Amino acid sequence: MNFYVNEILQDCQQECLYRILWLDSGNSIMYILELNNPKAFPEKKLVSDMVDLIIIGDWRKIIDNSYGIIVSNEYESKHYEARDTAWAVIQDIVKEEPAIYEKSFRTKLIKEVQEKHDVTYPTVRKYLYKYWSRGKSIDALLPDYKNSGAKGKERKVGKTKRGRPPVYGVKGINVDDATKKIFRLAIEKYYLTSKQNSLTAAYKFMLKEFYAENIYYENGVVKVLLKDEDAIPTLTQFKYWYQKDYNAPEILTARKGEKRFNKDHRAVLNISLSEVFGPGSRYQIDATIADVYLVSEVNRNWIIGRPVVYLVIDVFSRMVVGMYVGLEGPSWAGAMMALTNVVADKKTYCAEYGIEINEDDWPNRHLPEILLADKGEFEGYNVERLVKAFNLHVENAASYRADWKGIVEKQFDLIQKKVKPLLPGYIDVDFQERGAKDYRLDAKLTLKEFTQILIKQILQYNTKHYLKTYMRDRDLVADNVQPIPVELWRWGIQNRTGKLRVFSEELVKLQLLPRGKATVNHKVFSLKGFLIAVIKR
């Protein structure tokens, strides 16, 4: 029968476990150490005696499942520092085998270590036992912080006050089920509300409601007479049970409201690119009021207000595929014009504003598979006709969920950011504040001139802007495609087609135009009460 270092032996009569620490080369002598007994010392045994004990059944070998030393993320850097400190103390003396297992020589070595490292005898003794009993591995010296306390277990309520005694202030009380119920009532009534009271304020309200002996007025001021301070819970206890019983999503939803929680505080589990395969998989459309005042082309002394800018963006390539600048508020009319521009010949469109481009500079004139829009403009009969005519799937973002259209929302800032400070009539951050200047008086640009500026900004963005945060997939990286909108679009057209649809501009306009019943007689042609035309003979 053979024995090996680190094997576990069991004394069946005493039900004690031992680990083999050392065997001589002749396989005649071994040193063993009792486990689960920090006061134990190594013991010398004859191998032949141990063989006999195992044969007759008084001792036996068992598989070691008592302590697995595995380096994992559970250990922090400070734990490894503690391990290395302990190892530095004993690393020289544990090599002195088998002399270290004899008491007289071990005592001498420990004293030398005490003087060298300025540690106590029990400390060295503790390090040696952990090292030997856990398999003679450096990681055996890792602290047992993970075994401290009783994580996740609640202490039983007794007469003795639980927790660490306070250095200053009152001790508080033992929190039982009745007290926890009061905590929950107070938290839900005074803290988890839209008023957003502080936790301290909720605690004070709780004391006033549940722990007040008397409430009276003195000189017009409310006075609250509380019970004995040793008979009421402390603020620290109140905060402890609040943190124990409530999680962050539950708290934010109650205090901020579900809509705001979903918009600003929800967990982000996905990105926009996860929903698309290539160009045309999904477009996003949105409108914003530009931060600039415009003047009339007819008379530049007339201020006509702030324009509304519509942008349509392809999610895959981040390319602006359509735009519209007008004076209509965010409405179906503005969205209709933006969608018309999506399928328009961009070279002809730019030429109308005195801008010459090549078709490759703005090669978009297609409808997508999916269009993500706001609720307001894209709900109702008009959109249904668009869906039926072009098999276009329209999605509407929920109320207060601008983050669902994050790409186009961010685009407004990118497009205008470079030119806004240089535009006459630009609105600064102090707009409408008391004492701020009237920016309307600085207005100089007409609607056409402002549109020209935006077209140039879009062209620059589509062809030059480097998307620093764009997450390229494996195929894009393999083909070394730069994250520039036009480059992503061209690569997608070559490698991931099938989502774009081509329709003539006239057909799209026809389907987008509003419909209704008209009245026609020998004199006039009117629609919805408005005179459209006068018929002349």
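**Close-up views of a predicted model**

**View 1. A nonpolar patch on the surface.** Ile215, Tyr217, Val222, Val224 and Leu226 together expose about 430 Å² of accessible area as a nonpolar surface patch. Patch members have over 30% relative accessible area and no salt bridge, with nonpolar side chains (Val, Leu, Ile, Met, Phe, Trp, Tyr) joined within 5 Å; a salt bridge puts a side-chain nitrogen of Lys or Arg within 4 Å of a carboxyl oxygen of Asp or Glu. Areas follow the Shrake-Rupley method with a 1.4 Å probe, and for residues only the protein chains shown count as cover. Strands β6 (212-218) and β7 (221-226) each supply at least two of the patch residues, and β7 gives the most, with three.

A word on the model: it is predicted, so local features need pLDDT of at least 70 and side-chain atom pairs pLDDT 80 or more, while totals for chains, interfaces and linings use all residues. Numbering starts from 1 along each chain as its sequence is written, and side-chain values use heavy atoms, leaving out hydrogens and water.

**View 2. Helix α5 meets helix α7.** The axes of α5 (residues 177-191) and α7 (residues 235-245), lines fitted to C-alpha atoms over the stretch in contact, come within 10 Å and cross at roughly 80°. The two helices are therefore roughly perpendicular (65 to 115 degrees). Contact (heavy atoms within 4.5 Å) involves residues including Phe183 and Ile187 of α5 and Phe238 and Trp241 of α7.

**View 3. Two backbone details in loops.** The Glu97 to Pro98 peptide bond is cis, with omega near 0°; Pro98 sits in the loop between α2 (77-90) and α3 (103-117). Asp118, though not a glycine, has a positive phi of about 55°, and its place is the loop between α3 and α4 (121-133). Helices (H or I, at least four residues) and strands (E, at least two) are DSSP runs, numbered from the N terminus.

Definitions and conventions: Axes are lines fitted to C-alpha atoms, for helices over the stretch in contact, and angles run from 0 to 180 degrees between N-to-C directions. Angles under 35 degrees count as roughly parallel, over 145 as roughly antiparallel, 65 to 115 as roughly perpendicular and the rest as oblique. Patches are made of residues with over 30% relative accessible area and no salt bridge: like charges are joined within 9 Å, nonpolar side chains (Val, Leu, Ile, Met, Phe, Trp, Tyr) within 5 Å.
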